[in-house]
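Look over the sequence and the structure first, then read on.

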Amino acid sequence: MDNKEIIKLNRKYNLFSWSVQGAIYPIPMERGEGIYFFDAEGNRFVDLSAQLVNCNIGHQHPKAIAALKEQADVLTFAAPCFSNSKKGECAKKIVDFLPKGFGKVFFTNAGADANENAIKIAHYYTGRSKLLSRYRSYHGATAGALALTGDPRRVDAEPLIPGVVKFLDPYCYRCPFGQKEENCHLECAKHFEEVVQYEGPATIAAVFLETVTGTNGIIVPPKGYLPKIRSICDRYGILLVCDEVMAGFGRTGKMFAFEHFGIVPDMVTMAKGMTSGYAPLGAVAVKDEIADYFEDRKLSAGLTYSGHTLSVATACRVMEIYGEEGLLRNSVILGAYAKEKLQALQEHHPAIGDVRGIGLFIGLEFVKNRETKEKMDDASMSAFKSANLKDGVYHMTYSNLMNFGPPLVITKDQLDDVLAVLDKNLAILDGACN
């Protein structure tokens, strides 16, 4: 089939996520290789957002493909109640990556139900009902995970699960407390404690945080913020759950993003980079005391395909690839290089309001006016994205934000090629500035 035939077939029989069906023009993606994917007619695109910031080792990595095939030859499926060598090995690898004090892993299908199950575990373990999360957040599209989610996509699906209370973010570029970096006193953390007090600390089971905010703008918390949140949780007996679904597995230059900030959460939810998207898998890792709680109490959780056999086998190999190929180091070095180059572009392009990020987890925020920080309009953002795609660069955008998160296998020369395309097409956004 050519591109038009594939699009026609898909449009006729598929409903596409997060889309007005009559307006979508889905890119035909037929083949992948490294940082690139190809359509049915052989056109090549740089996957600048690693699909959904999950294809960390690049497309069609031969070692990961071999692991999946090898497992398929032996056993394709075992129900979640069965033990399995790869399931045990995969859980051990995850625990070994985590700080001392983490005991066990509960496997899920993906990131959303990792957060769903973390909600259940928090309720069971604490006996409390409420959950706290932030407004600029995305935790998944299932009922519980979407209730945790702060961004406006949750509104159309409401009402969702009860008992979720939102608080404001450490969003330094648009500080909700009117502060600048030089006079910041972590008002955002003080605000969190005030919300805790208003809601009644003894009613709150857990706070869910994306360690580094993903879809909603790659927001890196300011120095001292997460330790302050950790200390407040400790004071009131509230569990701290770090959502590392997008930020985990080398994306920030460490295996998990919370390692940058000197804290240890009580639970970590993860998915995406664990298998690099080669098979669906998520997980909740819990501290020893939480794991021990269920030794003589029932854990009422799980789905048919939780910890699927093909997925855990693939994850085992993918986690080895991160170390074998130095991908965390690549994320640090090339992330710093990309951020420096993007900040240089910012000097020449008034549409770039902010460049922020850590490792190869970088966000660009586009504005019409740097003084007022008026957001770039949707039509201009769409034209910018389309121009980049025409020049062979695909990336995610959300509102006036762009996600710059390529596969961790990207090279300096490949980054330079991408930056040249962005430099050219930023003229579209600059033209919309006032």
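## Helices α3 and α10

Helices α3 and α10 make a right-handed crossing. A crossing is right-handed if the near helix is turned clockwise from the far one by less than a right angle, and left-handed if anticlockwise. This is a predicted model, with residues numbered from 1 along each chain as its sequence is written. Local features need pLDDT of at least 70, side-chain atom pairs count only at pLDDT 80 or more, totals for chains, interfaces and linings use all residues, and side-chain values use heavy atoms, with hydrogens and water left out.

The axes of α3 and α10 come within 8 Å and cross at roughly 150°. Axes are lines fitted to C-alpha atoms, for helices over the stretch in contact, and angles run from 0 to 180 degrees between N-to-C directions. The two helices are therefore roughly antiparallel. Angles over 145 degrees count as roughly antiparallel, under 35 as roughly parallel, 65 to 115 as roughly perpendicular, and the rest as oblique. On the α3 side, K63, A64, A67, L68, Q71 and A72 take part. They meet T309, L310, A313, T314, R317, V318, I321 and E324 of α10.

## Inside α10

Helix α10 covers residues 309-324, 16 residues in total. Helices (H or I, at least four residues) and strands (E, at least two) are DSSP runs, numbered from the N terminus. From first C-alpha to last, α10 reaches 23 Å, close to the 22 Å expected at 1.5 Å a residue. That expected span is 1.5 Å times one less than the number of residues.

Twelve of the 16 residues of α10 are buried, so the helix is largely enclosed by the rest of the structure. Buried means under 20% relative accessible area, exposed over 50%, and partly exposed in between (1.4 Å probe, protein chains only). Among the buried residues are L310, V312, C316, M319 and Y322. The buried residues pack against α3 (62-74), α4 (85-97), β4 (102-108) and α11 (327-348). Contact means heavy atoms within 4.5 Å. Just after α10, G326 takes a positive phi of about 60°.

## Partners of α13

Helix α13 (residues 412-430) meets α12 (residues 378-390), their axes coming within 9 Å and crossing at roughly 155°. These two helices are therefore roughly antiparallel. α12 passes α13 in a right-handed crossing. S380, M381, A383, F384, A387 and N388 of α12 meet V421, L422, N425, L426, I428 and L429 of α13.

How do α11 and α13 run relative to each other, parallel or antiparallel? They are roughly parallel. Their axes come within 11 Å and cross at roughly 25°. This crossing is right-handed. Contributors from α11 include L334, Y337, A338 and L345, while those from α13 include L415, L419, L422 and L426.

## Nonpolar cores

In soluble globular proteins, nonpolar side chains tend to be buried together. A nonpolar core is a set of buried Ala, Val, Leu, Ile, Met, Phe, Trp, Tyr and Cys residues joined through side-chain atoms within 4.5 Å. Here the largest core has 99 residues, and F366 and F404 touch the most other members. Leaving aside neighbours within four places in sequence, the contacts of F404 include L48, A338, L342, F361, L415, L419 and L422. Another core lies apart, with 20 residues, among them A122, A147, L148 and A206.

Most residues other than glycine have a negative phi, and most peptide bonds are trans. The bond from E158 to P159 is cis, with omega near 10°. P159 sits in the loop between α6 (143-148) and β6 (164-167).

K272 has a positive phi of about 30°, although it is not a glycine. Its loop runs between β9 (267-270) and β10 (282-287). At 23% relative accessibility, K272 counts as partly exposed. S276 is found in the loop between β9 and β10. Phi of S276 is near 60°, also a positive value in a residue other than glycine. Is S276 buried or exposed? It is buried, with a relative accessible area of 1%.

N216 is found in the loop between β7 (204-210) and α8 (225-236). N216 is buried, with a relative accessible area of 5%. Not counting residues up to four places away in sequence, N216 touches R136, S137, Y138, D151, Y398 and L401.

G282 belongs to strand β10. G282 is buried, at 0% relative accessible area. Its contacts beyond four places in sequence include F106, T108, A110, M270 and M274. G282 and L426 are 144 residues apart in sequence and 36 Å apart in space, C-alpha to C-alpha.
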